[in-house]
Structures are given as C-alpha cells and as structure tokens.
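Here is a short tour for anyone meeting this structure for the first time. Have a look at it, then read on.

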Amino acid sequence: MRIIRYTDAEYANESRRLDRRAEASDRVREVVSSVIKDIRERGDAALLELTKKFDGADLTPDTLAIPLAEAEMAIDALEPRVREALEASKRNVQTFAQQSMRKAWSMTNEQGAEVGEVFHPFERVGVYVPGGTAPLVSTAIMTVAIAAAAGVPEIVVCSPCGKDGQVNPNLLAALRLAGATEIYRVGGSQAIAAMAFGTETIKPVTKIFGPGNSYVVEAKRQAFGVVSIDLLPGPSEVLVLADKSANPAFIAADLLAQAEHGKDSGAGFLTDDAALLEAVLKEVETQGAKLSRQDMVRSVLDKECFLMLVPTLEEGAEIVNNYAPEHLSLITEREQDILPLIRTAGAIFLGNYSPVAVGDFLAGPSHTLPTGGAGKSFPGLTVDMFQRRTSMVRLSKEACAKSEPVVRIFSEIEGLDAHGNSVTVRSV
C-alpha cells in the first residue's frame with residue numbers, strides 16, 4: 001500500500017495525481033472501436049467469434065439466448081435463505097425507486113399557457129451485468145429491478161458465460177426474479193455493441209445500463225448517441241475520510257471489501273490522525289491475511305490502495321471532490337461541518353456503522369455508481385433514468401394572444417419572421 005503524509009516532499013504532487021477524469025487509454029479505445037465495427041458489420045457471426053475469443057465459450061445463434069423457462073427453474077432451485085435475501089434486497093430497491101419516480105405535473109405560466117411534463121418508461125432497455133470473477137447477483141437487483149419498478153416492458157440483459165457456456169444459476173435466478181424479459185450469455189464490449197446496434201438475434205435497445213470493466217465502459221461511451229446510456233460505472237472503488245472517532249477495524253474491513261473485487265478496483269483512506277492511519281494499516285494486514293481471495297486482494301493493495309495523512313479534514317474533503325469516489329465512507333465527529341463540503345461522491349456512507357457492503361446488497365439506492373472520476377459529471381443510477389421525459393404545452397386563444405408580443409420580439413431579433421407569424425396569425 002502507498003502511504004502518503006502531508007509532511008512528505010511529494011505530498012502536493014501525490015494530491016494532484018488524485019484529481020481524476022474518466023478517460024480510457026488509447027489501447028482500450030482502439031480495441032472497443034474494432035469490436036463495435038465488427039459487430040455492426042457481421043452481427044451474430046462476430047458476436048460468436050468474440051465470445052469464443054474472450055470467454056472461451058462455443059455458442060451458436062440458437063444458444064445465445066437463455067430460455068426464460070431455464071431462468072424460472074433456477075429460481076425454483078434457489079435455497080430458501082438465498083431467495084429470501086434476494087427478495088429482501090428487491091423490496092428495498094423497488095420501494096426506494098417508487099419514492100423517487102418522476103410523476104406528471106402541470107402549471108399555468110404568466111400568459112395563461114398550460115405547461116408541464118409527462119414521463120413514460122423506455123420501451124426496451126439493455127442492462128449489462130458483469131459475471132467475471134464473481135456472480136454479481138446484487139447488480140441484477142440494483143439495475144433490472146429498478147427497470148421493472150419503472151414499468152419498462154422489455155428488459156434485455158447481457159452477462160458473460162463461462163467456458164461451458166453457462167451463467168451462474170444464482171445470477172440467472174436473480175436476473176429473472178428482478179424482472180429480466182430477455183437474457184443473453186454474452187459479455188464484454190461486444191455485448192454493449194450488440195445491444196446498441198443489434199444483431200440477427202439481439203434486437204437493439206434504446207438505452208443501456210450497468211457497470212463493467214474498462215472495455216465495457218468505453219463501449220458505452222462510443223455507443224452514446226446511437227443509444228442513450230446511464231453513466232460510466234467501471235471497476236469498484238472506495239474512499240474513506242475519517243478522524244480519530246473512527247474504528248480502524250471497520251475502516252480496514254471496508255478497504256478490503258473493495259480490494260476483493262480484484263483487477264482495477266481501488267481503495268483509499270484519508271485521515272488527519274496519524275495514530276488512526278497506523279492502526280488501519282495494521283488492521284488491513286491482519287484482516288487481509290484471513291481472506292479467501294488472497295491473490296486479488298494483495299494485487300489491489302499493492303497497486304491500487306493508498307493511505308494518506310492530511311493536515312485537516314477540510315483538505316481531505318477537497319481531495320475527495322477531486323478524486324470523485326464511487327463510494328465514500330465519512331466517519332467524523334464533525335459530520336455537520338464536513339458533509340456539506342462533499343460534492344462529487346457517488347454514494348456517501350455516514351458513521352462507523354454504515355458499511356459500504358450494505359449499500360452494495362440491501363439498503364435501497366442502486367449500487368451502480370460512477371467510477372474513475374466520472375462522479376464529477378454523472379450521478380448514480382436512479383429510477384428516473386428509465387423514464388423518458390416529454391414536455392407538454394397547451395394554449396387557449398387568449399393565452400396565445402398574450403404570448404404574441406414576446407414571441408414577435410424574439411422572431412425579429414433572430415430573423416425568423418415565420419415564427420412570429422405563426423403566433424400572430426392565431427392572435428388576430
């Protein structure tokens with residue numbers, strides 16, 4: 001783990017390096033561009049070849065889709081305690097979604113025109129659910145169940161399969177339980193391309209949701225415009241900002257929970273208390289030695305984990321805003337002072353007893369959040385992202401006449417006399 005102290009000569013440079021922007025490398029952009037071009041030109045044939053190349057699975061057009069009857073059987077085969085856990089998560093997530101659903105409204109403006117908005121669910125959305133190193137059943141709930149709560153009629157899911165062509169049965173059950181109407185055993189940037197542009201088997205969607213690795217995120221970025229996208233959620237990450245009131249064992253546990261995602265996941269800890277930093281460092285080593293995913297955890301700790309001693313929590317908050325973490329754990333006696341300073345975190349977990357894992361699996365808000373610095377521009381996944389907004393305007397003859405003078409002035413300024421006339425002709 002990298003340890004940085006404000007007394008170090010390189011502290012200023014290290015702080016600047018934590019000011020992130022969500023950008024892909026040239027290599028990732030080129031690979032994804034090639035994959036998208038191949039899918040657009042050759043459809044299923046390219047999709048099958050890429051699945052063989054990246055996932056090692058030999059599929060045919062007939063086996064790309066997983067029959068819903070198979071997913072229903074997976075639900076029936078769930079252990080009762082597993083199904084109860086999935087149902088509990090789904091209830092919380094959908095209850096939260098229903099509270100934040102946008103609803104139609106109207107008002108009358110100064111000229112007497114009736115204006116307002118109506119909201120409809122997208123007809124067909126695509127959801128990417130990673131399946132690489134772990135069957136992310138929680139992601140099925142945190143994306144698909146929200147689409148279902150919004151009333152989306154066609155929810156298309158792509159998730160990578162193993163070399164045997166199978167998707168983890170618990171994940172398959174969770175997808176169907178959450179509300180998936182189509183499930184395909186394909187992953188990576190090729191899955192995003194298939195959902196965006198369509199193939200012979202997979203009909204194109206109108207908007208794509210869900211997290212993934214850097215190639216999946218870049219594919220969403222390159223598909224934007226052809227389809228809408230939710231946000232740019234990549235490898236998982238956590239940042240902890242804490243003072244002496246924090247429990248070092250709890251902080252270490254949260255850092256390790258993110259580290260076990262492996263690969264490009266990240267974990268960081270900021271504190272103004274030197275003793276706490278040392279205590280957390282010891283706890284990470286002690287707890288980390290007992291975990292099952294040793295190789296993944298150790299790799300992230302060595303390459304993507306940092307502990308930083310800052311002079312004040314206020315400076316720590318500014319570093320948080322520059323870093324724009326997916327998850328922020330804020331533990332301080334001065335919460336009322338520090339919390340208002342945080343502007344860019346995807347989700348904030350407050351106090352010693354708010355582990356990020358509860359947000360990952362159960363609390364209610366979606367765990368699909370911006371990563372890699374994208375939190376400066378994107379919020380986390382919310383139910384209204386599954387709703388299409390349409391504005392409504394209705395004028396009476398009187399309201400039209402009251403609007404005419406202002407419209408005429410705008411049309412004169414912009415040299416668009418037909419615009420002005422379209423109102424004047426109704427107002428005489």
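## The second largest pocket

Helix 9 gives the largest share of the lining of the second largest pocket, three residues. Helices (H or I, at least four residues) and strands (E, at least two) are DSSP runs, numbered from the N terminus. A pocket is an open set of points on a 1 Å grid over the protein atoms alone, where a 1.4 Å probe fits, with protein on both sides within 12 Å along at least five of seven lines; lining residues have an atom within 4 Å of a point.

This pocket has a volume of about 590 Å³, the volume being the space filled by probe spheres set on the points, which are joined across faces, edges and corners. Among the 29 lining residues, Arg 20, Pro 235, Glu 237, Asp 264 and Gly 372 are the closest to the centre.

## How to read the model

This is a predicted model: local features need pLDDT of at least 70, side-chain atom pairs count only at pLDDT 80 or more, and totals for chains, interfaces and linings use all residues. Residues are numbered from 1 along each chain as its sequence is written, and side-chain values use heavy atoms, with hydrogens and water left out.

## A helix tucked inside

What about helix 8 (residues 188-197)? Here 10 of the 10 residues are buried, so the helix is largely enclosed by the rest of the structure. Buried means under 20% relative accessible area, exposed over 50%, and partly exposed in between (1.4 Å probe, protein chains only). Its buried residues pack against helix 2, helix 3, strand 4, strand 5, strand 7 and helix 9. Just after helix 8, Gly 198 takes a positive phi of about 85 degrees.

## The nonpolar cores

A nonpolar core is a set of buried Ala, Val, Leu, Ile, Met, Phe, Trp, Tyr and Cys residues joined through side-chain atoms within 4.5 Å. The largest one has 75 residues, and those touching the most other members include Val 125, Met 195 and Phe 386. Helix 6 (residues 137-150) brings the largest share of this core, nine residues. Another core, of 27 residues, lies apart from it, with Ala 242 and Leu 276 among its members.

Helix 6 also holds Ser 138, which is buried at a relative accessible area of 11%. Leaving out residues up to four places away in sequence, Ser 138 touches Asp 360, Phe 361 and His 367, contact meaning heavy atoms within 4.5 Å.
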